Structures are given as C-alpha cells and as structure tokens.
Amino acid sequence: QVQLVESGGGSVQAGGSLRLSCAASGYTYSRNYMGWFRQAPGKEREGVAAIRNGGEGIYYTAYADSVKGRFTISHDKTKNTVFLQMNSLKPEDTAMYYCAADAFPGSYWYSVNSYNYWGQGTQVTVSS
C-alpha cells in the first residue's frame, strides 16, 4: 500500500523559508513524476512543482510560474523522499500543500488528474 506523508509545514512571516518533505512508503521513485500541489480555501488545487528521474543521473523539474526562482524541488533517493524548499515566501503562498506521485512522463505534471497517489497535506501559513 502506497503512503505519502508530508511534513515541514508551519507559520512564517513573509520573506521567510520552509522546507517540506514527502516520505514515500510502498512506492519506489521511478521515471514518473512526483509533485507538490497546493490548495487555498475556496480555490482549486494547483500544481506547484514536479520532478522525475530521466535516467543516467538526469532529473527533470517543472515549476508553476508563481513560484519559479523561489521554490526548489528535489529528491533524496536513499530516503525515498521528495523535498520542496520554499524561500521568499509570500502571503499568497498560504495553502494546504499536498504531495502526489506516479504521473507518467508524458502527462501534464500540473494536473491533479495525472497522479495516482496523494498525501494528506501539510499547512503552510505566511503572514504579512
């Protein structure tokens, strides 16, 4: 049974940083995407970043325009964990953040329909 467990959320002031972690069990990181999504109250869940192993040590990453240059997604193969380093946080980054796994390489990484597995989420709150 696949389990994705997020951690690292919290409350920070604008300009601060947080590092989210997504520990996967029952799932082996492969060439499929693992991603981070977020959902603010009253809004749809949106893709934030994704990563996949392209083979031969090459990793492909993708980011939403709203977080480019501020967020970095990475993967620790030995821990089977995906991270989201979030810097220069803004109040509009406030949301529940979800980890997702197993989107095929040819799929839309930013679409919730592309992923087969989801975590329960971790709350990020950024105050001005």
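**Disulfide and salt bridges in the predicted model**

The structure contains 1 disulfide. The coordinates are those of a predicted model. The disulfide connects Cys 22 with Cys 99, at an S to S distance of 2.0 Å. Cys 22 belongs to strand S3 (residues 18-25) and Cys 99 to strand S9 (residues 95-103); the link therefore ties together parts that lie 77 residues apart in sequence. The angle about the S-S bond is -75°, and the link of Cys 22 and Cys 99 is left-handed. Cys 22 is buried, its relative accessible area being 0%, and Cys 99 is likewise buried, at 0% relative accessibility.

Across the whole structure, 4 salt bridges were found. In one of them, the side chain of Arg 38 meets that of Glu 46, with an N to O distance of 2.7 Å. Arg 38 is buried, at 6% relative accessibility, whereas Glu 46 is partly exposed, at 37%. The side chain of Arg 38 also meets that of Asp 93 in a salt bridge, with an N to O distance of 2.9 Å. This pair links distant parts of the chain: Arg 38 is in strand S4 (residues 33-39) and Asp 93 is in the loop between strand S8 (81-86) and S9, 55 residues apart. Asp 93 and Arg 38 are both buried. Through salt bridges with shared partners, Arg 38, Glu 46, Arg 70 and Asp 93 are joined into one network.

A further salt bridge is formed by Lys 68 and Asp 65, whose closest N and O atoms are 3.2 Å apart. Asp 65 is exposed, with a relative accessible area of 65%.

Technical notes
Residues numbered from 1 in each chain as written. Predicted model: local features only at pLDDT ≥ 70, side-chain atom pairs only at ≥ 80, totals over all residues. Heavy atoms only, no water. Disulfide = S-S within 2.5 Å. Helix = DSSP H or I, 4+ residues; strand = E, 2+ residues; numbered from the N terminus. Buried < 20%, exposed > 50% of the residue type's maximum accessible area, 1.4 Å probe, protein only.
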